[in-house]
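Reader: I have a chain open here and want to talk through how it is packed. Can we start with the inside?

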Amino acid sequence: MSVQNDRVENGTPLLEIRDLVVHHGQLRALSGISLRVYPGEVYAIIGANGAGKSTLLRTIAGLHHPSAGSIVYDGRDVTGLRPEKRATAGIVMVPEGRRLFPSLTLEENLKVGATYARTGPWTIQRVYDLFLDELSLGLAPVIVQRIYGMLPQILASGVTVLLVEQDVSQALRVATHLQCLLEGNTTLEGRPSDVTAVQVEAAYFGMTGAGAHKDGGEG
């Protein structure tokens, strides 16, 4: 997920989630999740399957409605805002998968995505230059490394990233802030430099006695 920031104010979160509770029917998928993402950050969310990561992103994007809590973007409460309004405001979810329009070319798919885009530095040509200049990149690990190598350029364009990553070591390497979810609850939060591998493992798998660290959520 990316959030676009037009103005940067030191100490002011670009995206703030406050005590978010989300249900899937009778099942509570998220229990009081809070986070603050500051401009220019790569804020990583980690957790095993079923931890609530996708539910969190879909709720931020407006695809799920929370039972309680709020979502504040650039100082504005967007909890009740429709998904398309959030997208044009600058909140964009980029899910895993290839759910494109199969009858359209690559360029036509990009044009569809740009239909309601805000003005900014990104053009179709720039997307080609950044992502599609080496068609021989067919191995997934190579593609992953290349995408992570592009992060500095992406951040420099004014995009702030809320990252969900299965590869914990990769997330720890690029993130400025880390939050681990387990069964819809936050089990670890802090800067990667302030947590140990033992703490991350304990938070990820729900192990006790490893001294998992949780801070106040400052960026």
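Reader: Which residues have the most contacts inside the largest nonpolar core?
Author: Leu15, Leu20, Leu56 and Leu162, in a core of 23 residues. A nonpolar core here is a set of buried Ala, Val, Leu, Ile, Met, Phe, Trp, Tyr and Cys residues joined through side-chain atoms within 4.5 Å; buried means under 20% relative accessible area, with a 1.4 Å probe and protein chains only. β2 (15–24), β3 (27–37), β4 (42–46), α1 (53–60) and β5 (68–73) each supply at least two of its residues. Helices (H or I, at least four residues) and strands (E, at least two) are DSSP runs, numbered from the N terminus.

Reader: Is this predicted or experimental, and how is it numbered?
Author: It is a predicted model: local features need pLDDT of at least 70, side-chain atom pairs count only at pLDDT 80 or more, and totals for chains, interfaces and linings use all residues. Residues are numbered from 1 along each chain as its sequence is written, and side-chain values use heavy atoms, leaving out hydrogens and water.

Reader: Back to Leu15. What does leucine 15 touch?
Author: Leaving aside residues up to four places away in sequence, Leu15 touches Leu35, Arg36, Val37, Ile60, Ile71, Val72, Tyr73 and Leu162, contact being heavy atoms within 4.5 Å. It stands opposite Tyr73 in β5.

Reader: And how do β2 and β5 run, parallel or antiparallel?
Author: Antiparallel, joined by five bridges. They belong to an open four-stranded sheet ordered β3-β2-β5-β6; strands pair if DSSP finds at least two bridges between them.

Note on methods:
Buried means under 20% relative accessible area, exposed over 50%, partly exposed in between (1.4 Å probe, protein chains only).
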